[in-house]
Amino acid sequence: MPTSPGSVKKRKASDMADTESDAHWRPENPASPKPKSIMDLPPELVNQILDHLIPNLPEIGEPAPEAYGKLVREDPWYDFTRRRSALRNLCLVSHFFADLARPYLYHTIAITSEEVLVLLFRTITENPEYCGWTRSLSCHITLTNSRVVRKTKRCLNKFLPTWREGKGLVFITGYLESLQIRRASTDPEEYYEMAQGIFGMTITALYSLETLLLQLPAIEDDRDYFELISCLRITMSYFNTDEGEKCRGYLAILPEDVRTMIPDRLESEAFTPFQHLTTLLLQGDPSVEDPTTLDEDDLDAGDPPEVFGVQTRHYHPLFELLPALTTLEVSTDDGLFTFLENEEDLTDILAVTRPITSSHLSPAKHVYLHSSVADPRNIGRILRHAPDLETLYMFPRRVDSFHRIPPQDATLADEDCLDQVLEKYGKKLKHLDLNWFDCQGSEASIGVGGRLSTLPQLKEVEKLCIQFVMLYGDLPAGEQMMQQRPVVDLLPPNLVELTLEDWWWDSLDDFDTFYRWSDEQKEAHYRDKKEYRETVLDMMKGLASVSGRNAKPGRYGENKMHKLKRFRFFVRTLPTWLPVDDKGPDVQELFKDVRELFEKAGVEFVVDVDQPLDMEEEMQ
């Protein structure tokens with residue numbers, strides 16, 4: 001049935017009434033049509049969308065990922081690989097999307113295989129305009145591992161013949177020529193340093209790099225990266241900087257045949273490497289198991305090696321090439337931070353006489369040690385070499401061979417003990433987090449009685465994590481001192497966050513064996529520790545009475561703990577605090593009164609208990 005003109009007018013009028021009554025209705029503007037696809041969006045809006053596709057690298061200590069198809073959602077590499085895959089697919093959509101997405105694709109790069117190492121080097125030599133895009137680079141292969149060296153050579157043989165010549169940095173062009181000559185060699189010594197050289201050329205070319213993760217050898221079978229450091233010194237000599245000037249002096253000790261290969265030319269200042277590199281992460285090879293923790297049945301023939309872990313002291317020439325370095329993270333170190341040169345295992349190419357007192361980490365403000373076996377003396381050496389340090393964090397790795405010195409008198413202190421070093425070099429510290437499993441026999445390396453007595457002098461410290469034993473000394477004298485000395489007098493006065501860990505060197509035997517205890521043994525231990533629990537609770541109530549809003553002027557007029565906002569108590573020795581079969585209050589109920597006192601003072605109070613499953617796996 002045909003529609004009359006009148007009915008059309010009525011319908012339009014009705015539609016208009018409906019739209020006017022809709023608060024979200026807007027009249028269409030023919031001059032600004034709605035975008036039909038993402039290509040119609042403004043480039044700046046597309047860039048904001050692409051920002052969310054930039055992947056985050058997994059945390060330090062993660063091994064290289066498995067095959068792409070084997071990754072599950074919980075895997076730390078899952079999100080990284082999916083985001084990079086999305087960016088790579090966008091580059092294949094069109095020239096428009098390739099121009100937009102390619103800088104994001106190269107923003108964060110992970111070298112997870114020898115093929116990726118070689119292909120990345122090929123990409124930046126053929127397309128030097130890409131070099132300014134990369135901000136984060138990580139290398140998850142050990143460059144001196146014999147398997148890695150062989151695979152790198154095979155990849156070069158495969159890809160080098162198809163290499164397109166690019167107009168890049170002159171030192172890279174010269175290095176490519178040397179690769180062409182050496183790739184056909186069958187002598188391992190001729191191509192041993194290829195992987196290190198390729199990686200060195202790559203990171204030198206990426207002049208906007210801000211974060212670098214480098215996987216280092218953790219066992220004696222894989223040599224340290226002396227050739228990489230030599231390569232970086234040579235390439236830095238091409239640039240007119242203070243670091244470049246030092247490196248040009250280094251060239252004088254090189255063999256003549258090497259010096260003749262170096263052109264007498266300086267590169268553009270705009271391409272100077274490492275000027276923006278602020279974060280360096282040195283990762284011990286996570287695929288290698290610590291031989292010092294294995295049973296004799298699990299070891300190959302022969303004694304376990306004396307050294308396991310990253311030998312950080314060998315890489316101080318690398319630190320000196322990084323003028324903007326502010327953060328250093330190391331995982332699985334060997335515990336030694338002497339930074340001495342001319343050591344027996346150093347090659348002549350690095351042997352440059354230098355005073356022992358020089359500050360090799362002078363620009364660094366934050367140092368994080370993960371799975372570390374550094375003893376108190378070596379922690380003190382880090383402070384000496386980083387006089388402007390603001391953050392010092394160490395999480396220990398349990399090894400039976402921790403002690404390298406004979407037991408000493410615990411009532412005395414070494415001349416270079418950690419307590420004295422903190423007093424002299426710790427004035428700028430803001431975050432201090434230290435703990436060990438056992439320092440029995442080495443208390444003198446901490447301080448008198450194994451205590452850090454200079455903590456109250458560290459007025460800049462705002463965040464502190466410390467064990468009871470480093471405040472009071474070991475049991476049983478430590479418990480008596482806890483009853484006599486208010487904990488507020490042993491701590492920095494301007495703390496904002498405080499973590500106290502219930503740990504004493506005397507607790508180690510119980511920690512190692514209580515999983516095998518019978519219920520009767522656990523009940524007996526819990527009864528024996530009743531007075532200790534009461535002492536700790538009284539200590540915390542005393543702290544709450546002078547913290548936050550309860551802070552009062554001290555002896556010299558200063559307010560202590562007036563800035564405290566959060567207090568955390570960390571329980572490791574479970575039988576001390578957990579009754580058997582609920583035959584007593586649980587941990588949270590035990591601290592109910594303490595929590596209320598802190599809340600009234602405006603301080604958050606938290607009790608964390610180390611999970612038995614995590615501890616059991618850690619011990620296996």
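# Burial, strands and ring pairs

Biologist: Which helix holds Thr152?
Modeller: This is a predicted model, with residues numbered from 1 along each chain as its sequence is written; local features need pLDDT of at least 70, side-chain atom pairs count only at pLDDT 80 or more, and totals for chains, interfaces and linings use all residues. Helices (H or I, at least four residues) and strands (E, at least two) are DSSP runs, numbered from the N terminus. On that numbering, residues 146–159, which include Thr152, form helix 6.

Biologist: Is Thr152 buried or exposed?
Modeller: A residue is buried under 20% relative accessible area, exposed over 50% and partly exposed in between, with a 1.4 Å probe and protein chains only. Thr152 has 1% relative accessibility, so it counts as buried.

Biologist: Which residues is Thr152 in contact with, leaving aside its neighbours within four places in sequence?
Modeller: Contact means heavy atoms within 4.5 Å. With those neighbours set aside, the contacts of Thr152 are Glu114, Leu117, Val118, Ala195 and Ile198.

Biologist: In strand 4, what is the bridge partner of Gln215?
Modeller: Two strands pair if DSSP finds at least two bridges between them. Strand 3 (residues 211–216), with 5 of its 6 residues buried, runs parallel to strand 2 (residues 136–139) and is joined to it by 4 bridges; there Leu212 stands opposite Leu137. Strand 3 also runs parallel to strand 4 (residues 279–284), with 6 bridges between them. Across from Gln215, the partner in strand 4 is Gln283.

Biologist: What do the buried residues of helix 14 pack against?
Modeller: Helix 14 (residues 376–385) is mostly covered, with 8 of its 10 residues buried. Among them are Arg377, Asn378 and His385. They pack against strand 6 (366–372), strand 7 (391–396) and helix 15 (418–425).

Biologist: Within what arc do the buried residues of helix 23 fall?
Modeller: Helix 23 (residues 592–600) has Val594, Arg595 and Phe598 as its buried residues. Seen down the helix axis, they line one face of helix 23 because they fall within an arc of 100°. The arc is taken over the directions from the helix axis to the C-beta atoms. For helix 23, its value is 100°.

Biologist: How many aromatic pairs does a search of the whole structure find?
Modeller: Rings of Phe, Tyr and Trp (its six-membered ring) pair if their centres lie within 6.5 Å; planes under 30 degrees apart count as stacked, over 60 as edge-to-face and the rest as tilted. The number of aromatic pairs found is 26.

Biologist: What is the angle between the planes of Phe437 and Phe511?
Modeller: The two rings form a tilted pair, 6.3 Å centre to centre, with planes at 45°. The pair links distant parts of the chain, 74 residues apart, with Phe437 in the loop between strand 8 (431–433) and strand 9 (463–467) and Phe511 in helix 18 (residues 508–513). Phe437 is buried at 8% relative accessibility, and Phe511 is buried at 2%. The angle asked for is 45°.

Biologist: Which residue lies over the face of Phe437?
Modeller: A charge sits over a ring if NZ of Lys or CZ of Arg is within 6 Å of the ring centre and within 35 degrees of the ring normal. Lys529 sits in this way over Tyr532, 5.4 Å from the ring centre. Over Phe437, at 5.7 Å from the ring centre, lies Arg398.

Terms used:
Heavy atoms only, no water.
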